[in-house]
2 protein chains.
Amino acid sequence: MKIAEPTVERLVQYHRLLEQLVAEGQKVVSSQEMGEMLSFKASQVRKDLSYFGEIGKRGVGYHVDRLHKHISRILASPRKWSIGLVGVGKLGEALLGYQAFQNDKFHIRALFDVDTDKIGTEIQGILCYSVDDITEIVREKEIEVLILTVPGGAAQHVADRAVQAGTVKGILNFAPVSLSVPENVLLAAVDISVELEKLLFFLKHKEE
Amino acid sequence: MKIAEPTVERLVQYHRLLEQLVAEGQKVVSSQEMGEMLSFKASQVRKDLSYFGEIGKRGVGYHVDRLHKHISRILASPRKWSIGLVGVGKLGEALLGYQAFQNDKFHIRALFDVDTDKIGTEIQGILCYSVDDITEIVREKEIEVLILTVPGGAAQHVADRAVQAGTVKGILNFAPVSLSVPENVLLAAVDISVELEKLLFFLKHKEE
DNA sequence: GTGTGTGAAGTGGTTCACAGCG
DNA sequence: CGCTGTGAACCACTTCACACAC
């Protein structure tokens, strides 16, 4: 079955919302309510949720606990992914300390940096290697996912060298450049400066 | 004229690419080439660029310098935006240090945090205030854009209090929650954990 | 000949509207 | 009667295909 990117994005958000509702002890929720809380149309919510089989009760709504478990199963990983984080600057450290990165779906197995003060030390409990050795370490640790928090100028080079190891299946790129990778490597990009530029553009546009 | 969000996103990327080409001294570029470098279809590039008038030369391509200036003008701001950054943790500091944030389109006028060690001090040259005073300071400094790099639990509250000042026109939210704001406030969200979850989902999905 | 500009066709995602079940 | 599930209608963005300018 094919499943669209915007749908997955919303599923993750439903999941997060349901976690909250579970914690608050709410038993039942309607597509209407969920839509209001996340700013989606109720029909959108229903379509998304019905995608994986009938899970709601007509005339009632969705059982919070059941729905939460249901989506957990959809989003669940078959195993823990091995992740490598490249670039332990402020952004890299921010990610390491992030709530959502204390997750049982993956394990950050190695850090990489160019800074000799960092190489060989542990940061937040994870050993930092030299980016020069990235091909070898990625292969050795069988790292499948790469998080790139390096300056734009370094990103393509680093990606190439890591992909060379042959184990990398996906890259989450925070560097403000468009990477090219082999087509069997999934690429997701978070471009912070583009988001800000977009916001400013639409603000300007609205004023005109 | 109405202009679609994906188009703006690409415009920002063309602009960045052209900056590079200008620096490298390339004189002319085709939609084909630009498409390859950014992983867009050539026809997409042409459609985007023709949106604002004929700018290319048939049989030749686009004059790099001219096109760069052209897009600059499209993306240009009417004036410098006043920005406030809320939450001077690792992520907030990362943004402050960011290349793209040394930009002539805006000026970060104030920082906000709850940490009494930070309040009253300057960080990267900008004074940090208590979030308790956010309504007053935002009004006083006429802050129009807010960057939220606070924990999820605090985001809605902070946003409400800031919006109360009456000057806020847009919010760039990095907190992993869905905010509700008055409809005259533009909202852009960068949800890092959602991006990672999405990537992992599609990796899993591909393997099945 | 070469590469742009663009109407027309295609694709993919969202919203509607209502049947159907609890 | 209320709220879900879902085909059909709608809408938005992308891609094609070709006329046209250089």
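A: A residue is called buried when its relative accessible area is under 20%, exposed when the value is over 50%, and partly exposed in between (1.4 Å probe, protein chains only). This is a predicted model, in which local features need pLDDT of at least 70 and side-chain atom pairs count only at pLDDT 80 or more, while totals for chains, interfaces and linings use all residues. Residues are numbered from 1 along each chain as its sequence is written, chains are lettered from A and ligands numbered from 1 in the order in which they are written, and side-chain values use heavy atoms, without hydrogens and water.

Chain A has 208 residues, and 50% of them are buried. The C-alpha trace of chain A spans about 60 × 50 × 35 Å along its principal axes.

Now to the charged pairs. Side chains of opposite charge can pair when their charged atoms come close. A salt bridge is counted where a side-chain nitrogen of Lys or Arg is within 4 Å of a carboxyl oxygen of Asp or Glu. Over all chains, the structure holds 28 salt bridges.

Consider a pair within chain A. Arg79(A) is joined by a salt bridge to Glu144(A), with 2.9 Å between the closest N and O atoms. Because Arg79(A) sits in the loop between helix H4 (64-75) and strand S3 (81-86), while Glu144(A) sits in the loop between H6 and strand S7 (145-148), this pair ties together parts of chain A that are 65 residues apart in sequence. The two partners fall into separate accessibility classes: Arg79(A) is partly exposed at 33% relative accessibility, whereas Glu144(A) is buried at 9%.

Other salt bridges cross from one chain to the other. Glu93(A) and Lys90(B) form one of them, their closest N and O atoms being 3.6 Å apart. Here Glu93(A) belongs to helix H5 (residues 90-97) of chain A, and Lys90(B) belongs to helix H5 (residues 90-97) of chain B. Glu93(A) is partly exposed, with a relative accessible area of 23%, and Lys90(B) is also partly exposed, at 39%.

A further salt bridge links Lys105(B) with Glu197(A), where the closest N and O atoms are 2.8 Å apart. Lys105(B) is placed in the loop between H5 and strand S4 (106-113) of chain B and Glu197(A) in helix H8 (residues 192-207) of chain A, so this pair joins two chains. In this case Lys105(B) is buried, with a relative accessible area of 11%, and Glu197(A) is buried as well, at 15%.

Salt bridges may also be linked to one another. Glu5(A), Glu9(A), Glu195(B) and Lys198(B) are connected in a network of this kind.

In an unreviewed entry, UniProt lists residues 77-178 of chain A as "domain: CoA-binding". This span is 26% helix and 28% strand, and its end C-alpha atoms lie 27 Å apart. Two C-alpha atoms that are 5.9 Å apart belong to Thr149(A) and Ala175(A), which are separated by 26 residues along the chain. Thr149(A) lies in the loop between S7 and helix H7 (152-163) of chain A and is buried, at 10% relative accessibility.

The unreviewed entry also lists a "binding site" that consists of Gly87(A), Val88(A), Gly89(A), Lys90(A), Leu91(A) and Gly92(A). Of these residues, Gly87(A) is found in the loop between S3 and H5, and its relative accessibility of 9% counts as buried.

A separate stretch, residues 13-52 of chain A, is listed by UniProt as "DNA-binding region", again from an unreviewed entry. This stretch is 72% helix and 5% strand, with 16 Å between its end C-alpha atoms. Glu36(A) lies in helix H2 (residues 31-38) of chain A and is exposed, with a relative accessible area of 59%. From Glu36(A) to Leu96(A) the C-alpha distance is 32 Å, and the two are 60 residues apart in sequence.

Terms used. UniProt positions are given in the numbering used here, feature names are shortened, and annotations may be inferred rather than shown by experiment. Helices (H or I, at least four residues) and strands (E, at least two) are DSSP runs, numbered from the N terminus.
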